[in-house]
Amino acid sequence: MTKNILILPGDGIGPEIVAEARKVLARANELYDLQLAFSEDLLGGSAIDAHGVPLADATLEQARRSDAILMGAVGGPKWDNLERAIRPERGLLKLRSELDLFANLRPAILYPQLAAASTLKPEVVAGLDILIVRELTGGIYFGEPRGIRTLENGEREGFNTYRYAEHEIERIGRNAFEMARQRQGRLCSVDKANVLEATILWREVMDRLAPEYPDVTLSHMYVDNAAMQLVRAPKQFDVVVTGNMFGDILSDAAAMLTGSIGMLPSASLDKNRRGLYEPCHGSAPDIAGQGIANPLATILSGSMMLRYSLDMAAAADRIEQAVSAVLDRGLRTGDIFTDGCRRVSTAEMGDAVAAALDSVA
Ligand code: NAD
Ligand code: IPM
Ligand code: MN
């Protein structure tokens, strides 16, 4: 049966990295007869330029009808001064929220070939394999009331609301326990329960779920300590579950453990594992248009798509093996370049991974 894949390249380096992921998926499609059918649409700044809004209704409808979505990144200085409702990022947030993509999986895995590319000592990151499970459709990102208002004294005040309902905590908690169960059985819930009520409830719900997963060991950590522990001794973690904003920040920190933010893929899933797949990084305006961005996070997001939403684990494995094979050969984009390696462009990296699909066992 045909699987319809909607591709949303977005802005900045988005189109450059997505083209390479599409190349790799297209090759996998041919080799394994996956019956993937691709279509493309606009999201973010490119959609604002074309339609005046960051997510057109027709695009949202097409997203609803797709079996999976692959996205690049959105945003950039050109649109930074627009009001919040029509900023590029708003299009992505609306897509996540409308499709109920509450479970954001961000795996931070160190490919052994990249140990020297991390800013941390090789022994600190060697063998690293952690999974951050970030709640994606609630918390302070979506809480109401929010806004900027003028106070009686004429001064303006910006305000947001950090809130989580029990059912929102429970569903991401169950997701994380299930993930931990399939890995090393260790789940660390990260919160700020020493200060914030929303996370006192978060901790309570995690504790309430724990007895249902006797094979998983649950621990709790405050977010400030977690940020420190992530760079001190990251291998103590197996699965980390946390709220929307803490997960955003901790996953960028975790990215550096893997050598570069250009290595971190993600899956954003609904309760039926339908999903949106995107690299964790942004549109990198500082390097856009130069052909030097690392496409591997997007290529690996494509492999997560095959694994999680399309039940094509064998093809997903092959893509990951092809990435590893290319790294074995010493090919590196600038962000992961180290002495003795060969510096390649975005397109050369994509070509190499696509070609390696033919040869990996
Ligand atoms: P960013 O992740 O775009 O860039 C941070 C740094 O990492 C930059 O120096 C950039 O060059 C580098 N980098 C990022 N991806 C890279 C890659 N694949 N290869 C090599 N280097 C890479 O973060 P930012 O600069 O804070 O944000 C830029 C824009 O992206 C903003 O408009 C922001 O809102 C948006 N953003 C979008 C997403 C998304 O679409 N999911 C995520 C984060 C930021
Ligand atoms: C991410 C990004 C987004 C987020 C922005 C662009 C809305 O930083 O996917 O990590 O904060 O979730
Ligand atoms: Mn982010």
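## A walk through the predicted model

Let's start with V18, which sits in helix 1 (helices here are DSSP runs of H or I with at least four residues, strands are runs of E with at least two, and both are numbered from the N terminus). This is a predicted model, where local features need pLDDT of at least 70 and side-chain atom pairs count only at pLDDT 80 or more, while totals for chains, interfaces and linings use all residues. Residues are numbered from 1 along each chain as its sequence is written, and chains are lettered from A and ligands numbered from 1 in the order in which they are written.

Is V18 buried or exposed? V18 has 27 C-beta neighbours inside 10 Å, so it counts as buried (buried means 20 or more other C-beta atoms within 10 Å of the residue's own, exposed means 12 or fewer, and partly exposed is in between, with C-beta atoms placed from the backbone). If you skip its neighbours within four places in sequence, V18 is in contact with I7, P9, L70, G72 and T298 (contact means that the C-beta atoms, placed from the backbone, lie within 7 Å). Look along to L31 as well: V18 and L31 are 13 residues apart in sequence, and 20 Å separate them in space, C-alpha to C-alpha.

Now for helix packing. Two packed helices are described by the angle between their axes and the distance between the axes. Helix 1 (residues 14-32) and helix 11 (residues 313-328) have axes that come within 11 Å and cross at roughly 130° (axes are lines fitted to C-alpha atoms, for helices over the stretch in contact, and angles run from 0 to 180 degrees between N-to-C directions). Helix 1 and helix 11 are therefore oblique to each other (under 35 degrees counts as roughly parallel, over 145 as roughly antiparallel, 65 to 115 as roughly perpendicular, and the rest as oblique). V24, A28 and Y32 of helix 1 make the contact with A315, R318 and I319 of helix 11. By class, that contact has five nonpolar, no polar and one charged residues (Ala, Val, Leu, Ile, Met, Phe, Trp, Tyr, Cys and Pro count as nonpolar, Asp, Glu, Lys and Arg as charged, and the others, Gly among them, as polar).

The loop between helix 1 and strand 2 (36-40) holds D33, and Q35 is found in the loop between helix 1 and strand 2 too. Most residues other than glycine have a negative phi, and most peptide bonds are trans. D33, though not a glycine, has a positive phi of about 50°, and Q35, also not a glycine, has one of about 60°. D33 counts as exposed because it has 9 C-beta neighbours inside 10 Å, and Q35, with 12, counts as exposed as well. P145 is in the loop between strand 5 (129-135) and strand 6 (147-150).

Back to helix pairs. The axes of helix 6 (residues 166-181) and helix 7 (residues 197-209) come within 9 Å and cross at roughly 50°, so helix 6 and helix 7 are oblique to each other. On the helix 6 side you'll find E166, I169, E170, G173, R174 and F177, which meet L201, W202, V205, M206 and L209 in helix 7. That contact divides into seven nonpolar, one polar and three charged residues.

Helix 8 (residues 223-232) and helix 9 (residues 244-257) have axes that come within 10 Å and cross at roughly 15°. That makes helix 8 roughly parallel to helix 9. V223, A226, A227, L230 and V231 of helix 8 make the contact with F246, L250, A253 and A254 of helix 9. The residues here are nine nonpolar, no polar and no charged.

What about the ligands? Around ligand 1 there are 22 residues, and the closest are G75, G262, H281, G282 and N294 (a residue counts as near a molecule if its C-beta atom, placed from the backbone, lies within 6 Å of it). The shell around ligand 1 has 11 nonpolar, seven polar and four charged residues. Which residues surround ligand 2? They are G75, E89, L92, L93, D248 and C280. Helix 4 (residues 88-98) gives the most to the shell around ligand 2, with three residues. By class, the shell around ligand 2 has three nonpolar, one polar and two charged residues.

Notes. Contact = placed C-beta atoms within 7 Å.
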